[in-house]
Structures are given as C-alpha cells and as structure tokens.
Amino acid sequence: MVSTFHGLETAKRGMTTQQLALYTTGHNIANANTPGYTRQRVSFATAEPFPGAGLNRPQIPGQLGTGVQAGTIERIRESFLDVQYRSENTKLGYYSSLSSALAKMEDIMNEPSNSGLQNIMSQFWSSLQNLADHPENLGARQVVAAKGQMVAETFNYYYNSLDGIKKDLGSEMDVTVKNINTIVSQIDELNKQIASVEPHGMLPNDLYDKRDQLVDQLSSLVNVKVTAVKPIQYGQPLPTAVGLYQIELVQKGGAQLLTVDGTTGASQQNELSITAEKGIVQSVQVGSVTLDNLNFSGKLKGLIESYGYVEANKKVKGHDPERMEKNDKVKGHYPEMMEKLNKLAYAFANEFNHIHQQGHGLDKTAQAGEFFDLSGSTDNNYAQIIRVHDEIIKDPTNIAAAKKGGNNSGDNEIAFELADLKSKDFSNYSVSLPDDMSGTFDFYYAAMIGELGVAAQSANTNMENVQVLVDSVEYNRQSVSGVSLDEELTNMITFQHAYNASARMITVIDEMLDKIINGMGVVGR
C-alpha cells in the first residue's frame with residue numbers, strides 16, 4: 001500500500017529540483033557577459049520508482065513514480081569545438097605577429113616614396129650625370145657630395161630603424177615567454193583547486209571555465225595539446241568530471257609544459273626559455289628539452305622568425321646550441337633584410353670608391369681618395385656606418401671627375417664611369433661579392449622590396465583568412481556554450497511554473513489529508 005504522504009514527498013522533490021534549476025538559470029543570467037563563461041544546466045532525472053522489486057513488495061498495479069531529482073549541474077560545452085578553436089587561434093597568433101612585424105618593416109623601407117632609397121639614388125645618379133656635363137662647376141660637385149651624404153644617411157636610417165624594431169621584437173619575445181610560463185603556472189594552480197573538488201563527486205564548473213580560458217590564451221602564443229588526466233588515486237569523481245589538464249607543446253618529439261602524474265595527480269611545470277646570442281635566437285628549450293628548428297607555431301614563432309634565429313644545417317657530435325656552427329644559417333625577416341642592406345652598401349661603396357680612386361679631383365695632381373668611408377665596421381654592419389668621406393665634405397674639389405690630373409679640368413671620364421655604375425651588373429664589379437647578388441643596384445634593391453611586399457601581403461592574407469575561421473568556430477562555440485538571455489528567460493518561466501505547480505500539488509494533497517483527518521469518523525456525533 002502506498003504511503004499516505006507519498007504525494008507530499010513527490011511534490012517536495014519537484015519544488016526543490018525546480019528551485020535548483022531556477023538558481024542555476026540566475027547564475028547563467030548574471031554571467032551573460034562574463035568572458036569565458038560556459039552556460040550551465042541541471043540534469044533532471046526521474047527518482048527511483050516505488051516499490052522496488054521483491055517478494056514482499058506491496059500489491060499495487062505497478063511501480064509508482066516518486067518524482068524528479070537533480071542529477072548534476074554541468075557545463076554545456078563541445079570539446080571538439082575547443083580543439084578546433086585553439087588550432088585556428090594558434091595560426092592567428094602566428095600570422096598576426098608576422099603581419100605586424102612586416103608592416104613595421106614596410107613603414108621603414110617606405111617604398112615607393114619620395115624619401116625612399118630608390119628616389120634618393122635616382123637623385124644621386126642625376127647629380128653625377130650633371131657633374132659629367134659640368135666637371136669644372138663647384139656647385140655641381142657640392143650637389144654630388146650632398147646627395148652622396150643623403151644616400152649614406154638613408155642606409156644608416158634603414159639599418160638603425162630595423163635594428164631598433166628588431167630589439168623591440170626581442171623584448172616582446174621575452175614578454176611572450178614570460179606570459180607562456182605564467183599561464184602554464186596558473187593552469188597548474190587551477191588543476192590543484194579542481195583536484196580538491198572532483199574526488200568528492202562534484203563538478204567545479206567555474207574553475208573549469210577559468211582553466212579553459214587560460215588554455216585559449218595560451219593557444220594564441222604557442223600551439224599546445226591538452227590531455228585530461230584522471231589519476232588512479234583520485235577518490236570518487238563523477239563520470240562527467242573533466243580531470244586535470246596536461247599541457248604538451250606540439251612539435252616533433254613532444255615537449256611537456258605541464259606534466260600530470262597518472263597515478264597520484266602530482267604535477268610538474270617545465271618552463272619555456274630562449275637562448276639568444278648577438279641578437280639571434282640560438283635555441284628554444286622546454287625544461288631540459290631543446291626544440292628542433294622551431295617545430296611549433298603561434299605568436300612566439302612569428303616573433304622568432306621576425307627577430308632572427310639559427311637554422312642548423314648539420315648536426316655534429318657535441319653540437320653546442322648556444323654556439324653557431326659553420327654550417328648553421330641565420331634566418332629571419334629582420335636580420336635577412338639588414339644583411340641585404342649591408343651587402344648592397346658594401347658592394348656599392350667599394351665599387352664607387354674603386355672607380356673614384358682611379359681619377360683626380362679638380363686641378364689635383366694626386367689621385368683621388370675614397371668617396372665613401374666604411375671604416376669602423378663591426379660584424380659587417382656597412383649600412384649602419386657608411387658615410388661620405390670627411391675630405392669630400394670639407395672640399396668638394398676632391399671629388400674625382402677627371403681621368404687625368406693637373407689642369408685637365410674638362411676631363412669627365414671618371415664622372416661618366418661613376419654615373420654608369422647605375423646600370424653596371426654586379427658580375428662586373430671589381431670587388432668580390434656573394435653569389436646571391438645579381439643584376440644591377442636598382443634591380444637588386446627592387447627585388448628586396450618586392451620580396452618584402454610579397455611576404456607582407458601573404459602574411460596579411462593568411463591572417464585575414466584565419467581570422468574568418470576563428471570567428472566562425474567561435475560563433476559555433478558560443479552557439480553551444482554561450483548564454484542566450486532569451487533562452488534563459490524562457491527557462492526561468494518554465495521552472496517557475498513547474499515550481500508553482502509542485503507547490504499547488506502540495507496544497508491539493510494538504511486539502512485531501514485535511515478531509516481524511518478532520519472530515520472522516522464524525523458520523524453520529
């Protein structure tokens with residue numbers, strides 16, 4: 001026989017469960033604009049029916065329902081979308097970093113423009129042509145000296161500006177490394193807090209959200225693989241418990257940023273570090289593991305590729321990652337551009353000096369000296385130190401225009417040779433040049449700017465394309481995990497009516513019991 005108060009207990013369960021759902025809805029509404037928040041819901045489940053199976057069960061037509069009960073308060077989240085978002089976010093971090101660095105380089109090179117090297121060189125060639133037409137004109141010589149100084153100062157400006165941005169990239173790279181280690185440390189701390197809750201059969205949903213938000217941030221800096229670990233010695237966690245996050249840097253061979261012991265749950269953080277020498281990244285380490293040739297992605301890789309790094313061509317026994325081997329190459333957008341400027345300045349200045357020293361200044365018997373001064377070079381930084389020789393600045397008559405000395409003022413043979421340097425192929429230079437230098441001065445410089453433009457355009461295009469993918473995945477993720485106020489208000493009304501109905505059920509049962517208790521057994525009074 002069913003208990004007299006069976007209906008009261010069923011209605012009470014209904015009230016408490018709907019009340020819990022209302023509170024959870026209120027929590028969702030309150031966090032509708034909280035970054036990284038995942039909406040939560042109460043999982044409803046029917047309570048155990050009455051009676052249970054057995055020989056002594058009450059003889060009633062069948063099992064009678066006992067109402068509803070709350071299962072767990074769980075997050076509505078799709079893990080596949082998280083993986084997809086983080087993968088695309090890593091690419092976005094990489095291309096954004098690369099695009100920003102190349103955009104700054106384009107601003108410095110400033111081509112085509114009236115203040116770019118190409119236009120300055122055109123003015124210099126024109127001044128030399130004018131000198132060839134008027135070799136005795138002191139004003140023409142002063143213009144050549146002034147335009148030559150403009151060429152030197154443009155080289156200096158380019159090199160120093162690129163070097164300044166490169167140093168800024170180095171500082172940003174150091175900050176990014178610190179951010180990566182800090183985020184991993186915060187994830188480790190959240191792991192410990194989660195480990196104090198899950199073994200007791202509860203779900204720390206808000207802690208999950210904070211941890212996932214940190215992983216999202218980490219994914220833009222470097223590509224990571226996240227593995228959820230439920231240790232063997234972990235109490236009695238719910239089947240839906242997420243577990244502890246183990247963070248692995250995705251690259252050949254693997255590198256653990258945060259390791260979680262599968263038995264005890266104890267964790268160990270391996271800090272990321274960068275070894276740089278003479279403004280070049282020599283190696284990247286995670287703990288004691290040295291990464292092989294930047295086999296990872298994210299903002300950090302974009303910064304390193306812009307700043308400059310050593311690419312090992314040949315691994316030798318006893319190779320020291322902090323020391324460049326003979327077969328190692330320096331790569332990177334900024335060091336490569338600075339190296340090309342150095343090569344261009346070296347080739348141009350030395351060939352110009354070679355021709356200039358074969359001639360004579362105005363009414364000079366002795367042969368002319370150097371026009372450009374490259375003395376004081378360290379690490380072949382010719383573009384940084386190139387300048388017009390002091391003797392030329394002080395006395396423009398020292399500029400060689402004549403092939404013969406003395407009173408041969410009308411001789412302009414050297415001036416023509418200097419002007420013809422504009423169209424002279426590098427293969428015909430008297431100085432020894434690297435094999436990768438081909439064509440004329442203008443051709444080589446145009447190729448430099450062209451390569452920069454292509455690289456910058458490629459980075460911008462890739463960044464825009466990946467941004468579309470990131471936005472698309474984030475939209476899909478928010479459609480699943482985000483809080484919809486319209487939906488929550490609908491749920492609030494639904495749970496409110498269910499709560500009121502359960503309360504009304506208690507009122508009805510109370511009236512029935514009142515009739516039984518106070519209205520029965522009064523016949524004959």
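Asp82 is buried, because its relative accessibility is 5%. Its salt-bridge partner is Arg77, with the closest N and O atoms 2.8 Å apart. Arg77 counts as partly exposed, because its relative accessibility is 22%. This is a predicted model. The salt-bridge count comes to 23.

**Salt bridges**

- Side chains of opposite charge can pair when their charged atoms come close.
- Glu88 pairs with Lys91 in a salt bridge, and the closest N and O atoms are 3.7 Å apart.
- Glu88 and Lys91 both sit in helix 2 (residues 79–109); they are three residues apart, so about one helical turn separates them.
- Glu88 has a relative accessible area of 12%, so Glu88 is buried.
- Lys91 is partly exposed, because its relative accessible area is 35%.
- Lys424 forms a salt bridge with Glu351, where the closest N and O atoms are 2.7 Å apart.
- The Lys424 and Glu351 pair links distant parts of the chain, 73 residues apart. Lys424 lies in the loop between helix 10 (413–420) and helix 11 (441–481), while Glu351 lies in helix 7 (residues 333–356).
- Lys424 has 23% relative accessibility and therefore counts as partly exposed. Glu351 is buried, because its relative accessible area is 1%.

- Strands of a sheet pair through backbone hydrogen bonds, either parallel or antiparallel.
- Four strands form an open sheet in the order 3-4-5-6. The pairing is antiparallel.
- Strand 3 (224–229) and strand 6 (267–269) are the edge strands, and each pairs on one side only.
- From one strand to the next, the twist averages 25 degrees.
- Strand 3 pairs with strand 4 (residues 244–249) in the antiparallel sense, over six bridges.
- Ala228 stands opposite Tyr245 of strand 4. Val229 stands opposite Leu244 of strand 4.
- Strand 4 also runs antiparallel to strand 5 (residues 255–260), and three bridges join the two.
- Ile247 stands opposite Leu258 in strand 5.
- Strand 4 is mostly covered, with five of its six residues buried.

- Tyr444 is placed in helix 11.
- Its relative accessibility is 8%, so Tyr444 counts as buried.
- Residues up to four places away in sequence aside, Tyr444 touches Lys340, Lys343, Leu344, Phe426, Asp436, Met437 and Ser438.
- Tyr444 and Asp425 are 19 residues apart along the chain, and their C-alpha atoms are separated by 9.9 Å.

**Nonpolar surface patch**

- Leu489, Met492 and Ile493 make a nonpolar surface patch of about 240 Å².
- Leu489 belongs to helix 12 (residues 485–519).
- Leu489 counts as partly exposed, because its relative accessibility is 39%. Patch residues need over 30% relative accessible area.

**Backbone features**

- Most residues other than glycine have a negative phi, and most peptide bonds are trans.
- The peptide bond from Glu111 to Pro112 is cis, with omega near -10 degrees.
- Pro112 is in the loop between helix 2 and helix 3 (117–133).
- Asn110 is also found in the loop between helix 2 and helix 3. Its phi is near 55 degrees, a positive value in a residue other than glycine.
- Asn110 has a relative accessible area of 32%, so Asn110 is partly exposed.
- Asn380 has a positive phi too, near 60 degrees, and is a residue other than glycine.
- Asn380 lies in the loop between strand 12 (372–373) and helix 8 (382–385).
- Asn380 is partly exposed, because its relative accessible area is 44%.

Definitions and conventions
Residues are numbered from 1 along each chain as its sequence is written. This is a predicted model: local features need pLDDT of at least 70, side-chain atom pairs count only at pLDDT 80 or more; totals for chains, interfaces and linings use all residues. Side-chain values use heavy atoms; hydrogens and water are left out. Two strands pair if DSSP finds at least two bridges between them. Axes are lines fitted to C-alpha atoms, for helices over the stretch in contact, and angles run from 0 to 180 degrees between N-to-C directions. Patches are made of residues with over 30% relative accessible area and no salt bridge: like charges are joined within 9 Å, nonpolar side chains (Val, Leu, Ile, Met, Phe, Trp, Tyr) within 5 Å. Accessible areas come from the Shrake-Rupley method with a 1.4 Å probe; for residues, only the protein chains shown count as cover. A salt bridge is a side-chain nitrogen of Lys or Arg within 4 Å of a carboxyl oxygen of Asp or Glu. Buried means under 20% relative accessible area, exposed over 50%, partly exposed in between (1.4 Å probe, protein chains only). Contact means heavy atoms within 4.5 Å.
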